[in-house]
Amino acid sequence: MTPGRRLARLLGSAEFARAFTITVLAAVFGSFLIERMTSPVTLATIIAGLCVLGLGILWVRRDELSLLRIAPSSLLAFLAWALVSIVWTTDKSDTLLGWLELFGFAFLAITVGHIRDTLQTVRALGDTLRALLALSLGLEILSGILLDLPFVFLGIQGDLAVGGPVQGIFGSRNMLGFVTVIALITFFIEWRSQSLSARIAVPSMGVALLLAFLSASPTVLVLAAAVTTVAVALMIVRHAPAERRSLVQWVLGVLVTLALAAAFVLRHSIIALMNAGSDFSIRATLWNKILDFVALKPIEGWGWFGSWARGEYPFTFINFQLGDRHQSALNAYFDVLLQLGAAGLVLFLLLGGVALVRSWLVASVRRSVVYAWTPLMLVTLAVESMFESFTIVGAGWFMLVLCALRAGQSRSWRENIDAAHTGAIPTLRSEY
């Protein structure tokens, strides 16, 4: 066997696909740790190297793939609009770097989505997050109890002995809270799908719950309430008779609308109950200032940068006027509106909205509980986007693209086109 054939066989093997998936997930969710332990250049090199490997894997598996279904059209449109913004941006080189970062994480998500099914993805994510959360807890114990010394390079303050807040290896308490919610959903789906025994799943959920509590992140409560509500609603729909399922969907839709309206009317009481008045006040002030700049370029925005860490206009001026050092808009929707304008925001909402509808419809009719993972994850991303900009960078953006791709693989207009060429009848793909 020639070296080329051996390489192709290795890249196309199931074992390599699993190893690649876990490596990607570890790099994506451990990006803050990698960057602080080494440098941003090292992280970029790792992501670029994984993209090259991913390209090789997709090339070896090209006969299994359909060009029409390689990625959701809404994702391609959003990436294209972000790239086009280089024409009017205030800094072309930084916009190009920001876009390459956006594309790199999206490409890794696309690769993982095509070489692993939903159950395999959930298992790989569960294994990765178990390790990263255990590492986070271990470092917090080492810093806050055993050494009583902050790990400044990781931002760990060593406050575990006084009950937190803690952040682990994720850079902030809100990011830790976000990751713990993702982990809880994943661990629960692993357990309910019987792909993981209770003796591993229950302690895993226990560690995630402990870190969620210690993070003292106000967004965790909101995420927990939203995910629990959606999970109950999905369970009701899944157990409803087929002839009544549409009626149940509409009733739930009306109830959700009324609940959102009530939450808006009672928002001040809810904020006070969560003791998050100061956090919300900071966000409201920032969002009002952002709207002033959005009014200057309402359609196209100021150009794509992703994180504000590069320190370009108008981000520096916004922070100067507020006397603060915000690294984002603290809201993914406001960030997209500022950087890509109303056109970009519409594409972003289409990307997440269409994926949520598709995944919900699939989960409501399929028996396996693993199908509930995608809509629950998309709800988590949507709600978190109202308080942080995690969904447009790094792990949050990776998860959004992965879930959008997963949703599109089961319900898409591309299935009908592929079926017309092959003569097959389009059906929902099985995970087993």
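This report covers the fold, the nonpolar core and one surface patch of a predicted model.

## Basis

Local features need pLDDT of at least 70 and side-chain atom pairs pLDDT 80 or more, while totals for chains, interfaces and linings use all residues. Residues are numbered from 1 along each chain as its sequence is written, and side-chain values use heavy atoms, without hydrogens or water.

## Overall fold

The protein has 18 helices and zero strands; these are DSSP runs numbered from the N terminus, helices being H or I of at least four residues and strands E of at least two. Among contacts (heavy atoms within 4.5 Å) with a separation of 6 or more, 76% join residues 24 or more positions apart.

Of the 432 residues, 50% count as buried, meaning under 20% relative accessible area; exposed is over 50% and partly exposed lies in between (1.4 Å probe, protein chains only).

## Nonpolar core

The largest nonpolar core has 123 residues, and Phe29, Ile290, Trp373, Trp397 and Phe398 touch the most other members. Helix H15 (residues 332-365) gives the most to this core, with 14 residues. Such a core is a set of buried Ala, Val, Leu, Ile, Met, Phe, Trp, Tyr and Cys residues joined through side-chain atoms within 4.5 Å.

Leu142 is found in helix H7 (residues 118-146) and is partly exposed, at 31% relative accessible area. Together with Ile141, Ile145, Leu146, Leu147 and Leu149, Leu142 makes a nonpolar surface patch of about 530 Å². Patch residues have over 30% relative accessible area and no salt bridge; like charges are joined within 9 Å and nonpolar side chains (Val, Leu, Ile, Met, Phe, Trp, Tyr) within 5 Å. A salt bridge is a side-chain nitrogen of Lys or Arg within 4 Å of a carboxyl oxygen of Asp or Glu.

Technical notes: Areas by Shrake-Rupley, 256 points an atom, 1.4 Å probe, with all protein chains shown as cover.
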